[in-house]
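The sequence and the structure are shown below.

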Amino acid sequence: MSTLILPAVISGLMMGAVYALVALGLTLIYGVLHIINFAHGSLLMLALYAVYFLNTYLGIDPYLAIPIVLPVFFALGYALQRGLIGPMSSGSEQNVLLITLAVSIIIENLALYFWTSNTRNIDIPYVYDTVELFGAFIPFGRVIAFFGALAVVPLLWLFMAKTRTGSAIRAVAIEKRGAELVGIDVNHTYAICFGIGTACVALAACLLLPTFYVTPQVGYTFVLVAFTTVVLGGMGSLVGALVAGLLLGVIESLCGLFLGDSLGQIGIFIAFILILLLKPSGIMGKAP
Amino acid sequence: MMKLNSTGQVVLILVAVAYLLGVYFISSPVWMGFTINALIVAVLALSWNVTGGFGGLSSFGHAVLYGTGAYTSAILQVTYGVNAWVALVAGIAMAAAVGGFIGALAFRYGVKGSYFALVTLAFAEVFRICAASFDFAGGGSGLQLKLAPGISNIQFADRTVLYTFLLAIVVLVMLLTAWIKYSRFGAYLVAVRENEDAARALGIDTYRIKVLAMAVSGAFGGLAGVLYLQLWLFIDSSIAYGSSVSIEALIGPIIGGAGTVWGPVLGTLGLHLIGEGAKTLLSNAPGLNFVLYAVVLICALRFMPNGLVGLAGRIGPFAKKESKDA
Amino acid sequence: MLEVENLSKSFGGLKAVSNATLQVPEGSIVGLLGPNGAGKTTCFTMIAGFTKPDSGSVRLRGKDITGLAPHHICNLGMIRTFQIVQPFAGLTVEENIAVGAYLHHHERKEAMAVARDVGKRLGMGTLLDRPASALTIAGRKRLELARALATGAKLLLLDEVMAGLIPTEINEIVGIIRQIRDEGHTFLMIEHVMQAVMSLAETAYVLNQGVMIAHGTPRDLVRDPAVVEAYLGHGAAQRLQEDDHA
């Protein structure tokens, strides 16, 4: 058994990096807009379909699809926040959550209607060439995903620390009114932020699909994993999301090893419940 | 028992009552079947209404209560041969216990707002995965009740009798809701929703009230789950604990008017009418009714913050409300 | 009736309240004064059980209630109000007051009867059927008082019940508080409106930077140099005296 643990940990880390990438988008949106975006998983699902169709009908390699999918999803996220969620969410925190829930219901069920519930995947032979890492044989695609996701954290950090837009985002996150007073367009900044969060998801989709699959329901699992990651890492913390994502990947992988595949994800949900319960009330007490 | 304060509300309720009674006279199995489904969801909506409406504790995982009621009853009947009525009571009790347990855990640690929504959702997922994985719950293939029509098995060969039975249950749960609304418990729940600190200062043990609300909600939700089981004689993990159950639980009350007696029922009936209409118009496409529900939900959140009942309340308010300012 | 001894509370490194001691005799109206940020509200939250003190004790009618939950304390007959008044929206004025009355009257009929009675006593008879959210500030302050009274509590901790009111409204509420006191209630009140404190309170305590700096009749307190300095800044007392002599 012990010879299986290390490979399980390694493969868990590979998956965990993707969880972290998805969670990065979510934590960024939470940290700045202070809203829980329930539609995050559905946007991931949508991005996975985008990558799938680009590959299946136009023969575009999923990694080369990044420059196409990324800007499109940035724009989609921007529009979603600016056109729907922002104007609608003047009310309570619960309303925002319900609106993003409604958005996710719409996206998921439209996907079900147009693309049926069939599981789809793409056939990119080279991603299944295995790489040996500490005794574990990891598909090449997972390794790319791992390093791709890791690279985003410093890039995002640099963007936030060094650019004008990044400073504006940080200012709005800390003090909305103050930022407004010094002439920052808050609605625009919110939408930019939502766009970046959605772009994270698009990147995750490009990295994920080669070794994964897509169904209309796939977002639902990811959204819960992403919430867990965000809460575990500390709401709004980029580095926290990365560490938590990796950790959850490992937890899931080990639970799968010991409890069997079908029960593997239960580890994540139990971790989620425990974290939500045991986290100090300072973070919990954000409710209206 | 009911306090109506506008002609709009009276008209709205009369239309609903007329529809529910009209189903007896339109001898259409389609209408009857569709209304039967809506009535079961209405019980679930009334369950969500206790916590989400009166208490402001918005749950995204009410499937955990519904599924627990259905599974408890199904396991007792299928595996242990227990009588359906006994299993019904056990299902309600078990769901109430699970509701109380989740509430006790969550509120002990001060979980609020969106976090409460996520905790309930996570619980529903844990239960769903367990139901799909453990053999005693039928695993991936679900549980099937034996077809044995008869009152003693809560199985009705005659649809009209079944409809009457469900209608009676909805009325009963509405009466219980009205009782809650006009009781000390209901007033305390609203106080907790509006201002928990003020409620505590006024001598309310807010923790106890919230846990109690989860248990009562669990009892209603479990009842809805058992009713579904008795109608279809089959459940599996995604039918019982799936996210669509949780969504249906909250959408009806929000659209109809959360924290009211009629709102959850009106909202659910209205939504199902829209969904059914869309199905007839746009062929029988899966999921399309949910797209419509979500669009209606967004519109409701934007344009009628107090739901249908609140909207109707603004049409022709009775003079009594306009009493003089002092 | 209420004895508070050496109550202390720190938030991080900040000593919000240190060794605060005060007594409220039965049937009296006692003021708790102090400039902004002096720790008055923190004192209230500790006395009423909303936060646990780091040290010290609170006794109500001789019974140690330190660290008890607010609803237990309310059951024992002491209740606090809030500086920022938020009625339970969605309920009528009468139903709001009934939430308080339910504490000792479990039946709706009785609770509503008590609520109506209390409401009328506080001059809210014509407002009972109105939604609470429609009340003016003065109305809300009164409602807060009514809700607290309806619980049957005998000792009321009022947190700035007059802030934001115009003089005629203040006069009305001063009259109401006197009337309630004469019916057998006791008050401890945080107040900024000096005129109100002067006319209502028999004794008052002054809190500054978490420390009780003075105790006496309001008339004595306004002449106390330490109190004047706390409110107006260092050296103020002396300058005032010089002005008087000039």
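Is the crossing in which α4(B) passes α9(B) left-handed or right-handed?

## Helix packing within chain B

The model is predicted. In it, the crossing of α4(B) past α9(B) is right-handed. Helix α9 of chain B spans residues 206-232, and its axis lies 7 Å from that of α4(B), at an angle of about 145°.

The contact of α4(B) with α9(B) is made up of 17 nonpolar residues, 10 polar residues and one charged residue.

## Interface of chain B with chain A

Chain B contributes 35 residues to its contact with chain A, and chain A contributes 35 residues in turn. On the chain B side, the elements giving two or more residues are α4 (84-108), α5 (113-133), α11 (243-256) and α13 (288-303). Of the elements on this side, α5(B) gives the most, with 13 residues.

By residue class, the side of chain B that touches chain A holds 25 nonpolar, seven polar and three charged residues.

## Interface of chain B with chain C

Chain B also touches chain C: 20 residues of chain B are in contact with 28 residues of chain C. Two or more residues on the chain B side come from each of α7 (184-194) and α8 (196-201) of chain B. The largest share, six residues, belongs to α7(B).

The side of chain B that touches chain C comprises 10 nonpolar, four polar and six charged residues.

Terms used. Residues are numbered from 1 along each chain as its sequence is written. Chains are lettered from A and ligands numbered from 1 in the order in which they are written. This is a predicted model: local features need pLDDT of at least 70, side-chain atom pairs count only at pLDDT 80 or more; totals for chains, interfaces and linings use all residues. Two residues are in contact if their C-beta atoms, placed from the backbone, lie within 7 Å. Helices (H or I, at least four residues) and strands (E, at least two) are DSSP runs, numbered from the N terminus. Ala, Val, Leu, Ile, Met, Phe, Trp, Tyr, Cys and Pro count as nonpolar, Asp, Glu, Lys and Arg as charged, and the others, Gly among them, as polar. Axes are lines fitted to C-alpha atoms, for helices over the stretch in contact, and angles run from 0 to 180 degrees between N-to-C directions. A crossing is left-handed if the near helix is turned anticlockwise from the far one by less than a right angle, and right-handed if clockwise.
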